[in-house]
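Here is a short briefing on one protein chain. Keep the sequence and the model in view while reading.

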Amino acid sequence: MLAGCSSGAVATVQTAGLTPQIAVQPRPPVIVTAAGPEVPPPLDPTNLVRKDLMDRAMAALDIHHRRVPLRDRMYLVDFKRHSGEPRLYEVDLVAGRVTALRTSHGRGSDPAHTGYAADFSNTPDSYMSSIGAFATAGASWGSQQGPNVLLDGLEYSNDKARERAIIIHGADYADPEFLAREGKLGRSYGCFSVAHADLPSLRERMGEGRLLFAFA
């Protein structure tokens, strides 16, 4: 009697007077499973934006979907934060990432120049910031402020934004040098002023038809 070794895959069968036969063991069946639904990445994984602001902005996307058809990015402003803190958020609604920048508020919203916006208005010549949902209306150029992004107010709290010339533009009083010297940003006439270095990419990325939601 001979002792043999088996590989577990192929065995040789020897029979007298016959050609050796190769017996191949059957392979196990391949089980194909249906791919599950793709899970989107978490929104704001580092929790830069306070929850109630994010929730209100997400609701505004649906409420104003006709005026803000683009849902790849949105922009939030948290007026509860001090002007020296980053409080203008670009939210990537596809990848979930959030980028924070600084922006000013209106002098009428902070007459004592504390760095905190306390009052808001939609009234012309109030020099106050407005809150609520805005639609970005594209890049423009003004004789006073130069390159900017136009905004259309979508609610009773900000629907005079075009009349008041509430825009996003660069300003010396929003630059890092001013912040380092004063400990806060300067005040606008109600516009969302940003650092000159931040404006070009922001202006390009905001484009037309995206949400900007400001809240306090």
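Among contacts in the chain between residues at least 6 apart in sequence, what percentage join residues at least 24 apart? The figure is 56%. This is a predicted model. The points below cover the chain, its aromatic rings and one threonine.

**The chain**
- The secondary structure comes to three helices and 10 strands.
- Along the sequence, these elements follow the pattern β-β-α-β-β-β-β-β-β-α-β-α-β.
- The chain has 216 residues, and 43% of them count as buried.
- Its accessible surface comes to about 12700 Å². Carbon and sulfur atoms account for 55% of that surface.

**Aromatic rings: Phe-79 and Phe-120**
- The structure holds five aromatic pairs.
- One of them joins Phe-79 and Phe-120, with ring centres 5.5 Å apart. Their planes stand at 35°, so the pair counts as tilted. The tilted class runs between the cut-offs of 30 degrees for stacked and 60 for edge-to-face.
- This pair links distant parts of the chain, 41 residues apart. Phe-79 sits in the loop between strand E3 (73-78) and strand E4 (88-92). Phe-120 sits in the loop between strand E5 (98-101) and E6.
- Phe-79 is buried, because its relative accessible area is 1% and buried means under 20%.
- Phe-120 has a relative accessible area of 26% and is partly exposed.

**Aromatic rings: Phe-134 and Phe-192**
- Phe-134 and Phe-192 form an edge-to-face pair. The distance is 5.6 Å centre to centre, with 90° between the planes.
- Phe-134 is buried at 0% relative accessible area. Phe-192 counts as buried too, at 2%.
- Phe-79, Phe-120, Phe-134 and Phe-192 form one aromatic cluster.

**Thr-136**
- Thr-136 is found in strand E6, which covers residues 132-142.
- Is Thr-136 buried or exposed? Thr-136 is buried, with a relative accessible area of 3%.
- A polar atom of the Thr-136 side chain lies 3.3 Å from the backbone oxygen of Met-206.

Methods: Residues are numbered from 1 along each chain as its sequence is written. This is a predicted model: local features need pLDDT of at least 70, side-chain atom pairs count only at pLDDT 80 or more; totals for chains, interfaces and linings use all residues. Side-chain values use heavy atoms; hydrogens and water are left out. Helices (H or I, at least four residues) and strands (E, at least two) are DSSP runs, numbered from the N terminus. Buried means under 20% relative accessible area, exposed over 50%, partly exposed in between (1.4 Å probe, protein chains only). A polar contact is a pair of N or O atoms within 3.5 Å; within protein, one must be able to donate a hydrogen and the other to accept it, and residues adjacent in sequence count only if both atoms are side-chain atoms. Rings of Phe, Tyr and Trp (its six-membered ring) pair if their centres lie within 6.5 Å; planes under 30 degrees apart count as stacked, over 60 as edge-to-face and the rest as tilted. Contact means heavy atoms within 4.5 Å. Accessible areas come from the Shrake-Rupley method with a 1.4 Å probe; for residues, only the protein chains shown count as cover.
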